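Student: Can we go through how the labels for sheets and helix packing get decided?

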Amino acid sequence: MIFAVEEINNNPNLLPNFTLGYLAADTCLAESTTLLAAMAMVTGTEVHLANSECESVPTVPVIVGDTRTSSSIVVANTLGVFDIPMVSYLASCVCLSDKRRYPLFFRTMPSDAAQAQAMAELLRLMGWSWVGLVSADDDFGRFGIQMLMDALRGSEVCVAYHEVIPKVYSKTTVQRIVETIQKSTARAVVTFLIDQDAKALLEQVIHKNVTDKQWIANDAWVTYGPVSVPHNIPSLAGTIGFALRKADIPGLGAFLARINPSLSSTDSDPFLRELWDTLFGCSLSAGLGGTPCSGLEVIGIGESLYTDVSQLRITYNVYKAVYAIAHAIKDMLACEPGKGPFLEGQCPDVLRLQPVQIAHYLRQVNFTTPLKEWMNFDENGDPPASFDIINWHVTAQGTIEFVTVGHFVSSQGLNFHIDMDRVVWGGGNRHKVPVSVCSSPCPPGTRKAVQKGRPVCCFDCLPCAEGEISSKTGSLECIRCPERFWSNSNHTFCIPQQVDFLSYSDTMGIVLSIVSAVGAALTAAAFATFLYHRHTPLVRANNSEVSFMLLLSLKLCFLCALAFIGQPVPWSCMLRHTLFGISFVLCISCLLSRTLVVLVAFRSTLPGENLMRFVGPAQQRLGISICTLVQVLICVLWLTLAPPQPTERDITDNWGPKIILECAMGSVVGFSLVLVYIGLLACLCLFLAFLARKLPDNFNEAKLITFSMLIFCTVWVAFVPAYVSSPGKYTVAVEIFAILASSYGLLFCIFAPKCFIILLRPEKNTKKHLMAR
């Protein structure tokens, strides 16, 4: 303070022709003595005038101080009655920003709200969502923690515990607090403590050998020498915290070293006697005992705590407080008569400074310090917040070094910067950011589920349901996939739902296509064989015309299976069912006609019977045509009234949901009539063939038809339950299998034996052999 006053008085540009005076008093770190000292100053009863040239005891119009919040509250409340402003350089309680209670209180120390905001920003940046809090049982601790909680509101940071160190505490109380810290899973510990409380807490931390915590220190102890001793390194190395901005005040070190008893009166300056006794262990006053000083003692710059100007933080706040008052007086001197801020434009009387007038101008100061820092007071009397982010590094000599690794400035919005590459962390791994969370972040594909009765930071990670995804870490909810999309196996993104139908690219589709093509080829081969040998007795005896029609219908049966393969479209849905119904009716009609011919041929050999006139070629063609036309009529009505149409159906199997493309029947009655009509013809044919089963052995046509129809009926009876129970494309596959199985049954049972005789046993292809019994 004295250095700043002298620097201002020696500056001809700041307060020309105006000299600042000062009065200094020791508060003795107690509220009562602080108030007594302040009252003595403002009432003019103070008798110790250090380096003052005033001829009489002055009445102080403005006070610089105090250091502590509790003392500042007491003094501000008392001096407020006299309208005397005060500028504190260290009291940080946010409660002092209440202008209704403390209208004349100013400070160059940022409010705890700014430090709490900086701490909250650090916690969020580091991802420490599970933290412990330790505060002092005073206004500083209570309001500091409250500001921190307000700053964390709405964030994902939760408090694992909050311990309060009482004003009067025992060793047992502090041990219990340390045990809570030690047992908690929260690795980050935030403190709002004054230096003495921090020292008491950390002594027990060292004693308990707590080495896995990351300490976040407040400004009161982050650069406090008594706790940064080498013995505490295992527990406290890597501590990070916020300190007032460090400044390098030019000339201060030399000024502090220039003090000398020969330049001052030791009787009027008790500080000088105490300083000499502390630095040199001698006494300046004769007769007070102890070793007398020689008078040749010299104070070296940086040789003691007194002249150490490497950590000018609180000191710089005092420097700014004096300059703020000086600039307020400068503005008072610049007032033009008639344009002043007071009644009828009056200007202040600078010869008799009034405290209220100084307070008025203090509210409006706006200047740049000699260190090029902008300074003003806001509506609450608070300065712009400016903090250094301090990190405790261990030097090669095994000592703690306070390293500035970042800054926090609130003068122009929130400006938080930290150099992560320079930070050394606490809690074990010095080069890796400690993890302090209650629950690890939920990975993509899961969502948070808060644990009952615990803070929101403690949660379980539940996998997303089928059809839902979460693509980000720490998702609160899973998102439903849009229509026609589904979640992948990890539930991290939506994929198009699989469209499932029996295609030609499927293995099953390929196999069925090959089987169908082979059946059509074998049918064509049988057709060619019969055509080539059409004049042989075996072909002529089997009614070659009906045989050719039967082979043609069988070929259509094989080929209609191909219509069931591929993506359903309107024309394919109508084609597959009509082709299936008509080709099978044509096939069974031909068999029915041949069975009737066989029966009538053998019955007509009996005396008095002449039935052959009813089963001639014309009658056979007519019968086959009528039977087929009935099915054609059913199909036409079906396609006209309610034709089969492609449709979609959602199913879920072991591989997830699928969109099944299939052909809807359109009319269940139409489809049923087609099947029932085929079934009736098949049963009638089976019945007639069964009646003709005992015909001569060499003419076994009826037996072959009987066996083929047994296969046909068995396949289609088994088809019904298989068709109903098969999912997705397997429904179509079952239908194709039934078509192919019954077609192969007819082909092999009826034509394979004949082709075998025609091609491999031509000696049996004679009329004599056929007529033999």
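Predicted model: local features only at pLDDT ≥ 70, side-chain atom pairs only at ≥ 80, totals over all residues.

Student: What makes E7 and E8 a pair?

Tutor: Two strands pair if DSSP finds at least two bridges between them. Strand E7 (residues 214–217) and strand E8 (residues 240–244) have two bridges, in the parallel sense. Ile 216 has Ile 240 in E8 as its bridge partner. Strands here are DSSP runs (E, at least two residues) and helices likewise (H or I, at least four), numbered from the N terminus.

Student: Which order do the eight strands of the open sheet take?

Tutor: The order is E5-E4-E6-E7-E8-E11-E12-E13, with mixed pairing. Strands E5 (158–165) and E13 (415–418) are the edges, as each pairs on one side only.

Student: Why is H15 called roughly parallel to H17?

Tutor: Helix H15 (residues 544–563) and helix H17 (residues 617–641) pack at about 20 degrees, with axes 10 Å apart. Angles under 35 degrees count as roughly parallel, over 145 as roughly antiparallel, 65 to 115 as roughly perpendicular and the rest as oblique. So H15 is roughly parallel to H17.

Student: Which residues of H15 and H17 make the contact?

Tutor: With contact meaning heavy atoms within 4.5 Å, they are Glu 545, Val 546 and Met 549 of H15, and Pro 617, Gln 620, Arg 621 and Ile 624 of H17.

Conventions:
Residues numbered from 1 in each chain as written. Heavy atoms only, no water. Axes fitted to C-alpha atoms, helices over the stretch in contact; angles between N-to-C directions.
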